[in-house]
Amino acid sequence: MKDFNEKWHFDPAEVDCLVLSHAHIDHSGRIPKLVKDGFSGIIHSTHATRSLCSILLLDSAKIQERDAEYYNKRQRKKGKFDDVAFKEPLYTGDHVHDAMELFYSYAYNKWFNIHPNVDVLFKDAGHILGSASVTLRIQENGKEIMFGFSGDVGRPSRPILRDPQPMPELDYLICESTYGDKEHSSAPEDFKQLLQVIEDTCVKRQGKVIIPAFSVGRTQELVYMLDQLETDGRLPEIPVYVDSPLSVNATMIFGAHPECFDQELAEYMLIDSNPFGFNNLTYIKRTEQSKELNTSEEACIIISSAGMINAGRIKHHVFNNIDDPKNTVLIVGYCSPGTPGGYLREGVDTLRLFGEWKPVRANVVVMDSFSAHADRLELLDFVRPHKKKMKKLFLVHGTLKKQKAFKELLHQYQIDQVEIPSLGQEFNIT
Ligand SMILES: [Zn+2]
């Protein structure tokens, strides 16, 4: 992975421009490094993607600077002082600043020009705030080629964001396949289940509901759900805390981009102009305030990041509350195996955090309907309209197993022009 992050398959200085589908760090994370290594073209994105990148890339730089500093300190302690023993961050905050200067941002559904022969269209991908599919309209040798990249495809009927919008007719499509082998559970029980967990934990047992959640997307979905419950008078009178500086900043960016909201949220805002704020909700940025929560005995809900409990303040909250049966840890997202969140999903009896084994006595509840990625049938719906005209479909962004499973599903629907490219493989398009 280290090698993968450090090396390019091309010379960044030779790249004219970059078109970015969305702000998630697995798509945008190396932009500052691209700039550091010689790229000086324009970065094209939607307005909200630019806003989110400004906080996510800075956060990424900070993590890398901290990691490098920690590693180098340990090397020095071991008595190693030569240059090779030291680590440099992939990029720093200064490189993020340089990268942000290169962004041009656009609205959805409007063609714009990035080269004399190439126009671009962003359609809403319904995945995270600002996410877009990208269509290139290329004029070459008197011919027009429509070339698409799905970006990450979201799910229909999710809160806050619009459903994924269809792309124009395409000749070629590069499509994600994250859940090419899986169907998600539907979501109508979400509110009921969330409320049940809160009532059982906070009202009956006077405990805490600890929710590990990604700062962008999941946190705002949860806050919006709680906001709606509060507006309906169904939320018990208990304090709710969003404890993560990044989540607080991300929520402010959500509020600044109502152009990305779906009809339902736009209508809700007619009765409640702030869907991410209510009386009992406190956003916490300062470390001291977060530490106070660690020792507090009050029944409350704490939403904190990271979603997999492998970093950030959530580690402290889980550490301090996991051994008490009156509390609940509510897992609302995917957690990689091997992370504390992954272990809790597997149902372990003890959990190692900060080098200490803690007994898992709190309830662990998993709600899986929050995924921001389309499942295999939703992906199929996304691809099917292109079946006739499309010359090739390239599957990316999924393990080989998932790509093969999705290719098989496509085959059942007579979509056979499918390629699973390997890293660095080249194709001619005509
Ligand atoms: Zn994504």
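Visitor: Which protein atoms are the donors of the zinc ion in this model?

Guide: Start from the metal and look for the side-chain atoms around it. In this predicted model, the zinc ion has His22 (NE2), His24 (ND1), His127 (NE2) and Asp152 (OD) as its protein donors, lying 2.2 to 2.3 Å away.

Visitor: What spacing do the donors follow along the chain?

Guide: The pattern reads H-x1-H-x102-H-x24-D. Take His22 and Asp152, which link distant parts of the chain, 130 residues apart. His22 sits in the loop between β1 (17–19) and α2 (25–28), while Asp152 belongs to the loop between β7 and β8.

Visitor: Are His22 and Asp152 buried or exposed?

Guide: His22 counts as buried because its relative accessibility is 0%. Asp152 is buried too, at 2%.

Visitor: Why is the arrangement around the zinc ion irregular?

Guide: Angles are the thing to check. Ideal angles for four tetrahedral donors are 109.5 degrees. Here the four donor atoms subtend angles of 86 to 168°, so the arrangement is irregular. A tetrahedral call needs all angles between 85 and 135 degrees.

Visitor: Let's turn to charged pairs. How many salt bridges does the structure hold?

Guide: There are 17. One of them pairs Glu378 with Arg155, with the closest N and O atoms 3.1 Å apart. This pair also links distant parts of the chain, 223 residues apart: Glu378 is in helix α13 (residues 376–383), and Arg155 is in the loop between β7 (143–149) and β8 (172–176).

Visitor: Are Glu378 and Arg155 buried or exposed?

Guide: Compare each relative accessible area with the cut-off: buried means under 20%. Glu378, at 18%, therefore counts as buried, and Arg155 is buried at 7%.

Visitor: What does Arg376 pair with?

Guide: Arg376 forms a salt bridge with Glu183, the closest N and O atoms being 2.8 Å apart. Arg376 lies in helix α13 and Glu183 in the loop between β8 and α6 (190–204), with 193 residues separating them. As for accessibility, Arg376 is partly exposed at 24%, and Glu183 is partly exposed at 42%.

Visitor: Which residue forms a salt bridge with Glu288?

Guide: That is Arg286, with the closest N and O atoms 3.0 Å apart. Glu288 is partly exposed at 44% relative accessibility, and Arg286 is partly exposed at 48%.

Notes:
Residues numbered from 1 in each chain as written. Predicted model: local features only at pLDDT ≥ 70, side-chain atom pairs only at ≥ 80, totals over all residues. Heavy atoms only, no water. Salt bridge = Lys/Arg side-chain N within 4 Å of Asp/Glu carboxyl O. Helix = DSSP H or I, 4+ residues; strand = E, 2+ residues; numbered from the N terminus. Buried < 20%, exposed > 50% of the residue type's maximum accessible area, 1.4 Å probe, protein only. Donors = N, O, S within 2.8 Å, 3.2 Å for Na, K, Ca; no water. Tetrahedral: all angles 85-135°; square planar, octahedral: opposite > 155°, others 65-115°.
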